[in-house]
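Student: I'm new to this one. Can you walk me through a few of its features?

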Amino acid sequence: MPLPLLLLHLRSIQYFTRHHSHSLRHFMASATASEPISPSNTRLGWIGTGVMGQSMCAHLIRAGYTLTVFNRTPSKAQPLLDMGAHQAQSPQALASQSDVVFSIVGYPSDVRSVLLDSTSGALSGLRPGGILVDMTTSEPSLAVEIAAAAAEKNCHSVDAPVSGGDRGAKNGTLAIFAGGDKGTVLRLGPLFSLLGKVNYMGGSGKGQFAKLANQITIASTMVGLVEGMVYAHKAGLDVGLWLDAISTGAAGSKSLDLYGQRILKRDLDPGFYVNHFVKDLGICLKECQNMGIALPGLALAQQLYVSLKAHGEGNLGTQALILVLERLNNVSLAPAASSS
């Protein structure tokens with residue numbers, strides 16, 4: 001090609017790039033979005049590697065995904081780094097090298113900080129077409145706010161809190177409550193399937209509403225479980241045998257399966273922290289006030305769990321509710337009461 005013609009051609013390319021770069025990025029993002037998510041085309045980021053996050057991340061790494069993690073306490077991420085994960089110094093840095101960013105942190109204020117902070121938050125580092133997936137149990141209104149902020153950047157956001165505790169996280173059997181654009185949720189299917197079963201609940205915020213309703217159900221179920229155990233103990237029954245007997249009847253529940261034997265063995269380590277459950281129930285009560293509904297069972301359970309916090313037991317698991325009922329009745333379900 002003659003030199004003048006070559007220069008003209010190069011100038012044309014420069015003009016197109018300068019004036020159509022946004023359209024080009026949009027086209028590339030759309031093309032990427034049309035491909036099924038797989039380890040070969042999707043880089044993952046994960047914010048929050050605590051009790052739940054560690055196990056969930058491990059499933060993604062084993063499936064072959066490139067994973068970058070961020071945790072406020074870097075040492076908590078070490079087991080994942082040993083498995084091949086990369087570490088970022090901030091949520092923003094993490095998002096800049098990720099296509100899908102998951103978060104599972106403690107409180108709504110933490111969610112706002114790690115996702116929406118203008119200087120260090122994940123959204124500020126996410127490229128157009130990127131997806132935020134918040135798996136923290138948080139406020140529905142915040143989920144709607146995050147989705148709106150993401151849309152302004154041509155990104156997507158899904159609220160996807162989970163239920164199933166530490167065992168569900170380890171076994172990849174979590175119940176996932178997803179809110180947001182249905183197409184985005186379906187596109188995330190290959191990732192969600194590694195963590196558990198996804199349930200599409202509706203638009204932004206509806207995943208959080210579903211999880212809060214789940215927490216309301218669990219709260220009263222846990223009260224019933226520990227009350228039954230104290231009653232059986234006081235009646236002179238072998239509580240372990242009694243748990244086995246009711247487990248296949250109408251009183252059987254996931255809470256009984258997960259926590260009955262743990263309580264008897266005095267295993268009060270957290271699958272889910274009392275502190276976080278109190279936070280969840282507080283959000284539930286706030287939403288009840290907004291809706292104008294009265295849920296007295298929820299209010300009672302919240303007060304009993306607040307009592308645990310008052311005794312300095314907020315870092316125990318939710319099964320520690322047994323301690324409240326023991327104190328109320330001046331009894332103790334000694335380990336010797338467990339079945340053989």
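Student: Which residues does Tyr305 touch, not counting residues up to four places away in sequence?

Tutor: A contact means heavy atoms within 4.5 Å. With that rule, Tyr305 touches Met222, Val274, Phe277, Val278, Leu281, Thr318 and Leu321. Before going on: this is a predicted model, where local features need pLDDT of at least 70, side-chain atom pairs count only at pLDDT 80 or more, and totals for chains, interfaces and linings use all residues. Residues are numbered from 1 along each chain as its sequence is written, and side-chain values use heavy atoms, with hydrogens and water left out.

Student: How many residues does the largest nonpolar core have?

Tutor: In soluble globular proteins, nonpolar side chains tend to be buried together. A nonpolar core is a set of buried (under 20% relative accessible area, 1.4 Å probe, protein chains only) Ala, Val, Leu, Ile, Met, Phe, Trp, Tyr and Cys residues joined through side-chain atoms within 4.5 Å. Here the largest has 38 residues, and Tyr305 is among those with the most contacts inside it. Helix α10 (206-234) gives the most, 9 residues. A second, separate core has 32 residues, including Ile61 and Met135.

Student: At what angle do α11 and α12 pack?

Tutor: Angles run from 0 to 180 degrees between N-to-C directions, with axes fitted to C-alpha atoms, for helices over the stretch in contact. Helices α11 (residues 239-247) and α12 (residues 254-264) pack at about 175°, their axes 10 Å apart. So α11 is roughly antiparallel to α12 (over 145 degrees).

Student: Is Thr42 buried or exposed?

Tutor: Thr42 is buried, at 4% relative accessible area. Thr42 sits in the loop between α1 (3-34) and β1 (44-47).

How values were computed: Helix = DSSP H or I, 4+ residues; strand = E, 2+ residues; numbered from the N terminus. Parallel < 35°, antiparallel > 145°, perpendicular 65-115°, else oblique. Buried < 20%, exposed > 50% of the residue type's maximum accessible area, 1.4 Å probe, protein only.
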